[in-house]
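Morning, everyone. Please look at the screen while I talk.

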Amino acid sequence: MAQQVEAKVGSLGYLGIGVKDMAAWRDFAANVLGLMVAGEGSDGATLLRMDEMSRRFMVHPSGEDDVIFAGFEVSGKAQMEALEAKLNKGGVETTRATDDEKKARAVVDMIHCKDPAGLRIEIFYGPKVMFDQPFHSTRPISGFQTGEHGLGHIVLTVPDMKAARHFYEDQLGFLISDYISMELAPKFSIDLVFLHCNPRHHTLALAPIALPKRLFHFMLQLNNLDDVGSTHDLVKSRGIKLGMDLGKHTNDHMVSFYMQSPSGFEVEYGWGARQIDDATWHVTQHTSGSIWGHKRAG
Ligand SMILES: [Fe+2]
């Protein structure tokens, strides 16, 4: 009898970013973030590695300065097809990847669809891994927390929160981690929703604000607090704009800071987040984003 699989995504496997200034991105990725520039994909994208996977970021010179696709990993064919059936039943049109698309992503198979805001969402299995050519950073960092947690997290700005929540929760199988209601200015607050699909506290957060960019930030989690501290020093010495200075978040308890990428959106660089065990986790709500710090840079 075929093994039953849950129709849900397992982790954020890769991100596609469209940029204007590729040279600036290559420098930023390698010499600030500590990612490994690993050549070009078959479609010309610059590949960035952070672990054994052949590509965690695919940077395209297409000029959007924004996320252009997000790839969610599933365990195999059965789980991909279970999700495909669920999406189709829910009225979401999916398309099977062409051979060229599979080659560009270096995956065994993949389907893709659009989220309610029009972002291309890919669901794949069988990524190419390269244990024989280990990840190494040109920066003296201890490395990134990935594995079953995926590459990190993304925060998306969404014009229609109800539609976004239906898609990510009911279709892709994300579970709520918690909520933060944040007052950004007197009488102006936004309600952020944090979602998980594995032990990482959140793989996705949704912000109901209309901004030109879909991507508010992506987060990379380091293995050691010193990686975050030494990178904070480096960012200051290179004159890179900080979005928010060092601080600790209320919900995932991560110690992090935010820096501006060459595309304008921010990158959160952090360490020490607590994890979720669905057997014991209970949903909470917060009225502040941080326990301490995270002061907005002026
Ligand atoms: Fe974050």
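I will go through the overall build, then the domains, then the surface.

This is a predicted model, where local features need pLDDT of at least 70, side-chain atom pairs count only at pLDDT 80 or more, and totals for chains, interfaces and linings use all residues. Residues are numbered from 1 along each chain as its sequence is written, and side-chain values use heavy atoms, with hydrogens and water left out.

Start with the build. The chain has five helices and 18 strands (DSSP runs: helices are H or I with at least four residues, strands are E with at least two, numbered from the N terminus). Its radius of gyration is 18 Å, close to the 19 Å from the globule rule for 298 residues, so the chain is as compact as a globular protein of that length. That radius is taken over C-alpha atoms, and the rule is 2.2 Å times the number of residues to the power 0.38. The C-alpha trace spans about 55 × 45 × 35 Å along its principal axes.

How much of the chain is buried? The share is 55% of the 298 residues. Buried means under 20% relative accessible area, with a 1.4 Å probe and protein chains only.

Now the domains. Domain 1 covers 11–125 and domain 2 covers 147–293; the bounds come from an automatic or database domain assignment. Their C-alpha centres lie 20 Å apart. Each domain puts 40 residues into the contact between them, where contact means heavy atoms within 4.5 Å.

Last, the surface. The accessible surface is about 13000 Å², and carbon and sulfur atoms hold 53% of it. Areas come from the Shrake-Rupley method with a 1.4 Å probe; for residues, only the protein chains shown count as cover.

Terms used
Buried < 20%, exposed > 50% of the residue type's maximum accessible area, 1.4 Å probe, protein only.
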